[in-house]
Amino acid sequence: MSNTRKSTTALVGWNIVAKVFVLISSIFLARILFPEDYGYMAVAMIFDGFFNLFTITGFETYYVQKRNLEADEDILLLGKVYWLRIRQSIILFFIQAILGIILYFLKDHTLGMMISILSLGHLLNLVGKPEETYLTKRLNLSKVAFGNLLRDITASLAKILFALFGFGPLSFVLGQILGIIPRILVLKKSVKLHIIIVKQGEDFKEIFNFGRAVFLNTIGAFLTSQADSAIMASFYPKAQLGIYQFARKQSMLIFNFLLAPLSSFILSYIANLKDQPSKLNKKFDSLGILISIFISPFFIFLIFNANGLVEFVFGEKWLDSVVVTQVFLCYYLFQFICYPTGYILTA
């Protein structure tokens, strides 16, 4: 079996298993925690999402799409990309941690603690990043998929345990950080790399220019995905924000189940077909049609039965989220139909 087929099978298979655990944990968390806890999570994720926005700068994507290199040149380029990632992540860690400390002492203890804890993700995600990038370029993503599985399972179990022990909204961020650790172990074990950190070179300008283009595209994605939560956080209490965030989170589960894990594979795939745009467009069109046929009926069923399903699965306290859930389900149905057309510009 080719790397492409193995990677696709692993990404879809392991992801389905992982998301089953995520779904089960979300049900437990919804029954243990309250709308205000989800409101805290929404605000913390706005801050964390803003900082993570600067981590999606395309450095690794530049390495992945750079083909026809000798082995020594390939490792050298990976060393350059990794140095840029290290420098960036350390800066983001300190800025986010300091912001969390300031909020802790001057405004909101809980929110400050959540943002500070999440800042650790910048440092932890550095470990194993070269191995993940190296495997992605070679379309050997089975280990990456398995690492993601362990991350999601660990994070889900940790969130439930922390919630049961009364950590409230802190359960979300503590579980998220702990989930990174098993993923690191899998990536480090999957391939042995001897990375030499390279701090200068003639192609640094080219890497920066590529990264800037990816970053500008990411800004638009962040604004469209987080602007609504930021507006809600500015004008509404945390309980209502929590209902909104809960509806959004549950609605996107299906998208995260089936399509989100394929992003790495698609980026690698379009790197190989970027010189054959007609073939790439044809494959993406076919995929969109298949998704529409098989997924649309399921979404329509959920939209028209949301009231009963929410009450039965999550409890009566979440009935206020039904209308918002239905709106988000319509949105993600549209996302399914358009997927993966959005990646064509990257190609």
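1. In this predicted model, Asp 74 and Lys 137 are joined by a salt bridge, their closest N and O atoms lying 2.7 Å apart. Asp 74 belongs to helix 4 and Lys 137 to helix 6 (residues 129–137), so the bridge ties together parts that are 63 residues apart in sequence. Asp 74 is buried, because its relative accessible area is 4% and buried means under 20%. Lys 137 also counts as buried, at 7% relative accessibility.

2. Arg 183 forms a salt bridge with Glu 132, with 2.9 Å between the closest N and O atoms. This pair connects distant parts of the chain: Arg 183 is in helix 8 (residues 170–190) and Glu 132 is in helix 6, 51 residues apart. Arg 183 counts as buried at 12% relative accessibility, and Glu 132 counts as buried at 15%. Salt bridges with shared partners unite Lys 129, Glu 132 and Arg 183 in one network.

3. The whole structure contains seven salt bridges. One of them is formed by the side chains of Glu 206 and Lys 66, at 3.4 Å from N to O. Glu 206 lies in helix 9 (residues 204–235), whereas Lys 66 lies in the loop between helix 3 (59–65) and helix 4; the two are 140 residues apart. Are these two residues buried or partly exposed? Glu 206 is partly exposed, with a relative accessible area of 41%, and Lys 66 is partly exposed as well, with 26%.

4. Leaving aside residues up to four places away in sequence, Tyr 38 touches several residues, among them Leu 29, Leu 33, Phe 172, Phe 246 and Trp 318. Tyr 38 is also a member of one aromatic cluster, together with Phe 172, Phe 246, Phe 314 and Trp 318.

5. How many aromatic pairs are there? The count comes to 11. Tyr 104 and Phe 105 form an edge-to-face pair, 5.0 Å from centre to centre and with 85° between the planes. Tyr 104 is partly exposed at 27% relative accessible area, while Phe 105 is exposed at 62%. Tyr 331 and Tyr 332 likewise form an edge-to-face pair, with 4.9 Å between the centres and 75° between the planes. Tyr 331 is partly exposed, at 40%, but Tyr 332 counts as buried, at 7%.

6. Phe 105 also belongs to a nonpolar patch on the surface, with Ile 90, Phe 94, Ile 98, Ile 101, Ile 102, Leu 106 and Leu 123; together they have about 810 Å² of accessible area. Which helix gives the most to this patch? Helix 4 (residues 71–106) does, with seven residues. Ile 90 lies in helix 4 and counts as partly exposed, because its relative accessibility is 36%.

7. A last point concerns Ile 303, located in helix 13 (residues 277–304). Ile 303 counts as buried, at 14% relative accessibility. Residues up to four places away in sequence aside, Ile 303 touches Gln 326, Leu 329 and Cys 330. Ile 303 and Val 323 are 20 residues apart in sequence, and their C-alpha atoms are 9.3 Å apart in space.

Notes
Residues numbered from 1 in each chain as written. Predicted model: local features only at pLDDT ≥ 70, side-chain atom pairs only at ≥ 80, totals over all residues. Heavy atoms only, no water. Patch = residues over 30% accessible without salt bridge, like charges linked within 9 Å, V, L, I, M, F, W, Y side chains within 5 Å. Areas by Shrake-Rupley, 256 points an atom, 1.4 Å probe, with all protein chains shown as cover. Salt bridge = Lys/Arg side-chain N within 4 Å of Asp/Glu carboxyl O. Helix = DSSP H or I, 4+ residues; strand = E, 2+ residues; numbered from the N terminus. Buried < 20%, exposed > 50% of the residue type's maximum accessible area, 1.4 Å probe, protein only. Contact = heavy atoms within 4.5 Å. Phe/Tyr/Trp six-rings, centres within 6.5 Å; stacked < 30°, edge-to-face > 60°.
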